[in-house]
Amino acid sequence: MKSKGYEIAILFAIGLTSPIAAFATELSNPTIPSQDVRSTADKLVQTGLQQFRAQKLDLAISNWQQALNLYQQQKNSKGAINVLENLAEASKMLGKYEKAIAYLQQLLALAQSLGDRRTEANALGNLGGNYRIVGNYAKALEVQNLGLAIRKELNDHRGEGQVLANLGNIHYDLGNYRIAANFYQRSLKIAKAVGNEKVIISILTSLGAIAVTQEEYPQAIKYYQQSLNNARKIGFREAEVNVLNNIGSNYHVQHKYKEAIPYYEQALTVAKKLKNPRLEGIAVGALGLAYVSLGKYEKALSLQEQSWQLAKQIGDRYLEATTLGNWGYTLWRSQKYAEAEQKLLTSLNLLESLRSNLSDGDKVSIFDTQLHAFNLLQQIMVAQEKHEEALEIAERGRAPAFAELLSRRVSSSSAPKAAQKNEAIIPSLAPVSIADIRRIAKQQNAVMVEYSLITDPIFISQGKLKGELIKLYIWVVQPSGSISFREVDLRKSNVSIVNLVEDIRSLFNDANGIVRDPKEVLAKYGDLKQLYAVLIQPIQDLLPKDANTRVIFLPQGLLFLVPFAALINPKDQFLIEKHTVQIAPAIQILDFTHQLRQQVKKVNLQEVLIVGNPTMPSLGNPPTQLIPLLGAEKEAKAIASLLNTTFLTGDNATKVEVVKKMKSARFVHLATHGLSEEYRNGEIPGAIALAPSSTDDGFLTASEIMTMRLNAEMVVLSACKTGQGLLTGDGVIGLSRSLISAGVPSVVVSLWAVPDEPTALLMTEFYKKFQNDPNKAQAIRHAMLSTKTKYPDPLNWAAFTLIGEN
């Protein structure tokens, strides 16, 4: 089933208020005897409570602020705590989140000074909720985790369940749906045990939204209906708005616009009664998108402007970015391209600001939820024939988290040692410009080919490009700096790139299907011809005539899985026969790997580390030892002899010893098992199998490599599937990315498992060529062609690819 709904970016009002408000709702009534008011401050509090219940929030805040001043003068801590809690809750309900945060920070400081752990936990929970709303996810995670620790210390199961729900909401926003679902299930279990109806309602809504991300629409409706019934039963109006919006969106993404509109209208009616501008803005925006889908553009544009004004009014950056994106989408559908461009650019700037201070993994996840904006903006630029500007946007949407990692690595390596520990000195990373792209092309002295997969906006779900691919944009940048643009209409070509790549992957993962006759090879790999027709034929006239001139392919998404060297032209020639091929995740990454190479030159290490067939570690439950690789040992021995050095094997190739030697090696060659999704310890998939010791299991993980500081010029992973990993908008998350992030400018990896004998031949030929000419891409090409002569099936020679600096 295709994913539907560009508009999902705004429609899911997941857990917007209920888990957050749950703390404050319980605290909004201070323990002051209503018939025995003994002071002016107490009277002001009581008046404020009456106004709060009557939804006269501004008046309530005014009275409570006066009461707070009096309590502070009297040094009445208990009174001040109650009023600060109420001020924060009322400010949040008005959408004044920065004000709410300021009150909660005062409350937190007061609770800490008094040693009041329960109030401290409440303040942290509500702070986390408000930080999440304004898009400060790093701070939201930090304070929620602090609050969770206190809840556990106090044995407060009810509070613990609420915090778990809040953590689930943050991870949902970040696109970490699996993690979010885990938090929700844990929270739901506790909420049911303690009878916390509000949290149960919120979690049911959240689980419904996650079901929609999996396109499980009937299951989502079941969750939503349970939540709606429970919310109405106890009068939980904010949750009612959330659920109504989400039911509408559930129909919306299934193209049932007329069924969606009544739910949005009901949500808007309740939101207005609550005087909650955030919920109102979401409902208005959702209505606008429904009218776009019905072709009623003027009405839709009016609603989108209203939605944006409400988001702007409350200072909710994420909602503002989303409303601007939806406004831009509506303008695009109305063919008002110039206005659409400005709205989308402003939206992108806001979205990018949300990624600051997050961990690398969270930056990758949240970026995946933002891909729709980059995709749509490229289409808007191309519609105006702004092809170079479209390339800038395509680059801006490439591997931003990876680029930030490398920027920090390059800056810290070139900074004085005393400054290396202070990452605050590193400036924020500016988007790459056309001038930068031309400079990098000249620096690389190569032809750069960048691909962008374009998906129909009405088929984008949760920002992820998993719907119908309709176009392929291709930019070719010459060493001179000239830029050409080509567009491939995939609907007219009647070719499914997704199916072609999947079919090719199946062929290359079947070692039993190897053929030896060159004619049989061509018959077997017809899909490689079709891919050539889509990916290379449209730009064939722009590629270099000289086979030694490098062509650097910059794929996107599933195109990272394409063995470019093995694509077959109409004359039955493989691409590697005509061109020297290299891969990079982004043009900006090439700039950073070039800078890393210059830094490595200064270090001038000389050692070579070669590992082949270590004593294999065990994997699985029950643990099973990985199969020994005798061919890898022969390969390591041959390469060590060629380079006049020794190699590590068996029990000597322990993780401890290899890691130690990697730090002082110029070249690293690891011939062993490589794992991708089979081994994940940390947020990054992938591991290299080494000999275990008493202190470790023998797996050197991608997460561990990421934290290392290496000065190697090149690492060759002569292992199966080391080029694979998690496909994201930030590129392939796995071993190659971790090694480059650790400081290695050039990495050679494989896309699939290659039999021992052709691997040994290819690697030996690679090093023979590299010894005489330190051009890594040309050495790979020479090795492929040499291996192809003896083993013609591309399964034997096309798996390895150079990523990074030549």
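This is a predicted model: local features need pLDDT of at least 70, side-chain atom pairs count only at pLDDT 80 or more; totals for chains, interfaces and linings use all residues.
Visitor: Where is G195 found?
Guide: Residues are numbered from 1 along each chain as its sequence is written, while side-chain values use heavy atoms, with hydrogens and water left out. Helices (H or I, at least four residues) and strands (E, at least two) are DSSP runs, numbered from the N terminus. On that scheme, G195 sits in the loop between α10 (177-194) and α11 (197-213).

Visitor: At 40% relative accessibility, what does G195 count as?
Guide: Buried means under 20% relative accessible area and exposed means over 50%, with partly exposed in between (1.4 Å probe, protein chains only). Since G195 comes in at 40%, it counts as partly exposed.

Visitor: How many Å separate the C-alpha atoms of G195 and R158?
Guide: Along the chain, G195 and R158 are 37 residues apart.

Visitor: What share of the protein's residues count as buried?
Guide: The protein has 37 helices and 18 strands. Of its 806 residues, the buried share is 62%.

Visitor: And among contacts between residues at least 6 apart in sequence, what share join residues at least 24 apart?
Guide: Contact means heavy atoms within 4.5 Å. Take the contacts between residues at least 6 apart in sequence, and the share that join residues at least 24 apart is 71%.

Visitor: Which residues does W308 touch, not counting those up to four places away in sequence?
Guide: W308 is in helix α16 (residues 297-314), and its relative accessible area of 22% makes it partly exposed. L319 is 11 residues away in sequence, with 8.0 Å from C-alpha to C-alpha. With residues up to four places away left out, the ones W308 touches are E320, T323, L324 and W327.

Visitor: How do helix α15 and helix α17 lie relative to each other?
Guide: Axes are lines fitted to C-alpha atoms, for helices over the stretch in contact, and angles run from 0 to 180 degrees between N-to-C directions. The axes of α15 (residues 277-293) and α17 (residues 317-333) come within 11 Å and cross at roughly 15°. Angles under 35 degrees count as roughly parallel, over 145 as roughly antiparallel, 65 to 115 as roughly perpendicular and the rest as oblique. That makes this pair, α15 and α17, roughly parallel.

Visitor: What about α35 and α36, how are they oriented to each other?
Guide: Helix α35 (residues 756-772) packs on helix α36 (residues 776-790) at an angle of about 140°, with the axes 8 Å apart. The crossing is right-handed. The contact takes in residues including L761 and F766 of α35 and A779 and A783 of α36. At that angle, α35 and α36 are therefore oblique.

Visitor: Which residues of α31 make the contact with α35?
Guide: The axes of helix α31 (residues 630-642) and α35 come within 9 Å and cross at roughly 15°, so α31 is roughly parallel to α35. On the α35 side, the contact includes A760, M763 and Y767. From α31, the residues are G631, E635, A638, I639 and L642.

Visitor: Which residue stands opposite L609 in β10?
Guide: Two strands pair if DSSP finds at least two bridges between them. Six of the eight residues of strand β6 (residues 607-614) are buried, so β6 is largely enclosed by the rest of the structure. β6 runs parallel to strand β10 (residues 665-671), joined by six bridges. In β10, the residue opposite L609 is V668.

Visitor: How many bridges join β6 to strand β9?
Guide: β6 and β9 (residues 648-650) run parallel, and P614 stands opposite G650 in β9. The number of bridges joining β6 to β9 is two.

Visitor: What is the bridge partner of I688 in β13?
Guide: Strand β12 (residues 685-689) is mostly covered, with five of its five residues buried. β12 pairs with strand β13 (residues 699-701) in the antiparallel sense, over three bridges. In β13, the partner of I688 is L700.

Definitions and conventions
A crossing is left-handed if the near helix is turned anticlockwise from the far one by less than a right angle, and right-handed if clockwise.
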